[in-house]
Amino acid sequence: MDGMNYLSFAYLGMIAAIAVWTWTIVSRSRSIEDRLAAVEASIGIDPAQADELTK
Amino acid sequence: MAESLLSLVDLEVRRGMGIVISGFNLEVASKDVVVLHGENGSGKSTVIESCARLMPLEKGSVYHHGSLVVDSEGRRNLAKYPFGLTLQRNGLLGDETVENHLMTVCALSDMKADLLPMLESYGLAHRRYDRIGQLSGGQARKVAVLAGLLPAMVSDEPRLVFLDEPDAGLDERALAALVTHIELLRNAGHAFVIASHNAEIMQCATRLHDLETETKQPHTDGSAWKSVGIKEKRGLVSTRTGHRYLRSTRAGLARNGLTALLAIGTLLAFIDPATIDDQTLLFGFVLAPPFAAGLAGDPVVYLMREQRSVDWWRAHVNRLPSADFLAPTLGFILAALGGVLFLDGINWELSLIGAGILWITLTCVRFIELSTLRLARPNAVFIKLLVPILILPWALIVEYAASM
Amino acid sequence: MRTMRGRSPEVLLFAGFVGIASTLYLAFNWAPSVSINAFESPAAQRIFYWHVPAAWAALIAFTVLFIGSAMWFFKRNAMGWKLHVAGSEAGLACGLMVVLSGCIWGAAEWGTPWDWSDVRLNSFGLLTLLAIFLVLGRRSQPDGVETRDTFAAFGLYGFILVPLTYISTRIWQIRHPGPVGGIGAEGSINGSMRFVVLLGALSFTLFIAGHMLVSMRITDMEQRLERAQKRLDGGN
């Protein structure tokens, strides 16, 4: 394969991969945010109580 | 005042994200039978496992016979005297025979004993030479309970015995035998910490503890157990046990040997060694099978994952059973075979290097595997993702060997 | 409704992504070609504009991973665990980019995508495998001190690989070149090349910072969700 074509495929593949990755993180964040809001609202938890392990 | 056999001082232990026990103190003297009977999740098993040095402590320390065995600073010393332990899961290896397992327990106390009377009292005499894997769940539990009692049964001196839910799965006859043994051994001066809700076992208690408050129960001394042990000093129990496991299961050959043979077969399927002049490449072919066999990991550790057997061993020894001698022997044979197949004949120096490669690789993989044992689901992590770290050192050794 | 400040991790992440895309565009269309004599595959050499900044970002992520691991392992610091999680996830993302781009370049330039005798290549590959191990392993376990202690310990084992990676091209120059364009070093790249590399480094730094902040927020929310669900279960 010609050098520039090889490079184009590599670049397009990498850009696509990083776009998918970015989208995955953001959608994971949104999904858990929605679940958390629903559960916390149902029991009236104070968000400040999160991760109290070190106490 | 009787000698303190066990001291738990200001114990704090976590499981998961929560503190299970905190500020817990307990003194256990000779002739004490402490029965922990708190509700589920109150920390009974955590106390037993802390006593047996299986739990890392957030705070506090554990002493056996006045000597520190584990503390929150990470010290973890061997107990001065052997102790009995029955975990909630049996800690047995399915490929061991009943007799071999119990003899190993005796050997950890530097003792031997005629096991037949004890086996008879639990209805196990006819199963003496059977593999534990062939027993029913209840029978296997009896073996685990008897293994927990044995260090006290073979000793003239007071010993500690930790039993976690020993009654679970026992039939009436075995439960009666257990209660009798607890009474007799207590009268002989041994001490027990038992987690149980069973009414008959609670009757044996001199102290009932719900992990918050303690109630004393009056007890009168009756007839005492007479030790059945005969002194027999046998060193290297871990090593001998590891190799007995390997002999009885052939796990070393099935896992490591087969992996190496597959590597050789794969290489020979595509390569004609006679057409290759590159010395480094040929040496790589010779040393690849011992390396592949090492990457398969320690077969004894693999076997001991069954039924928390590895935890039972970790409580008793600092050096777990392993495939110490198998590794260099197999490595030597594989590299010698590689010499015949890929070079002009056996290259003795290369065979020795092969022995070293298999031993070092296996030791490293074993270290990584044992590092994950504290996890709730150790089999769910992908240990093999980390083993490529060994490929570069292997490649450097091959290059070095070729340049020699 | 979240404020703009609350969304700043996502803003950083997207700014980084746009910057990376711009870097690649410039690398493809603007950066000068290298001498045809210096490389086997001069075109594939342009992967360098992706490869080097990604390696820089990965090293930031792995450093955060090791700092977080140490904070958890020695001090049981809750922030340390969040840094461990964020560092391992971001390290995985950037590590994969470095290794994949390296393989693509290696296949064109060296004729082989991987060389087991190159120390930097291998140590970076191992760091990425460590990140995969940590991310997958953590997801397979319930959260708890046992899980955190074990994975923080593995994070610390991996620490030796970072300085090894850094010094490896200075000691063993097998496949990888020595330092390029370092401060005070006699760089082997010219001005416009350096501009694209620096733009890439800045973009990847923004991306990795945003990634780690989002990861830390996810960890925080997962812990809150777990607590809330335990309350719903009726536990403590």
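A contact here means heavy atoms within 4.5 Å of each other. Keep that in mind for chain C. Among its contacts with a separation of 6 or more, 77% join residues 24 or more positions apart.

Some ground rules. This is a predicted model, where local features need pLDDT of at least 70 and side-chain atom pairs count only at pLDDT 80 or more, while totals for chains, interfaces and linings use all residues. Residues are numbered from 1 along each chain as its sequence is written, chains are lettered from A and ligands numbered from 1 in the order in which they are written, and side-chain values use heavy atoms, with hydrogens and water left out.

Stay with chain C. Chain C has seven helices and zero strands; helices (H or I, at least four residues) and strands (E, at least two) are DSSP runs, numbered from the N terminus. Of its 236 residues, 55% are buried. Buried means under 20% relative accessible area, exposed over 50%, and partly exposed in between, with a 1.4 Å probe and protein chains only. Chain C exposes about 10,200 Å², with 65% from carbon and sulfur atoms. Those areas come from the Shrake-Rupley method with a 1.4 Å probe; for residues, only the protein chains shown count as cover.

Now chain A. It has one helix and zero strands. Buried residues are 33% of its 55. Its accessible surface is about 3,200 Å², and 64% of that belongs to carbon and sulfur atoms.

On to chain B, and its sheet. Four strands form an open sheet in the order 2-1-4-5, paired antiparallel. Strand 2 (18-29) and strand 5 (67-71) of chain B are at the edges with a single partner strand each, so one side of each has no neighbour in the sheet. Two strands pair if DSSP finds at least two bridges between them. Strand 1 (residues 4-15) and strand 4 (residues 59-64) of chain B pair over five bridges, in the antiparallel sense. There, B:Leu8 stands opposite B:Val62 of strand 4. Helix 1 (residues 44-51) of chain B packs on this sheet and touches strand 1, strand 2, strand 4 and strand 5.

Last stop: helix 7 of chain B. Just after helix 7, B:Arg250 takes a positive phi of about 60°.

Definitions and conventions:
Axes are lines fitted to C-alpha atoms, for helices over the stretch in contact, and angles run from 0 to 180 degrees between N-to-C directions.
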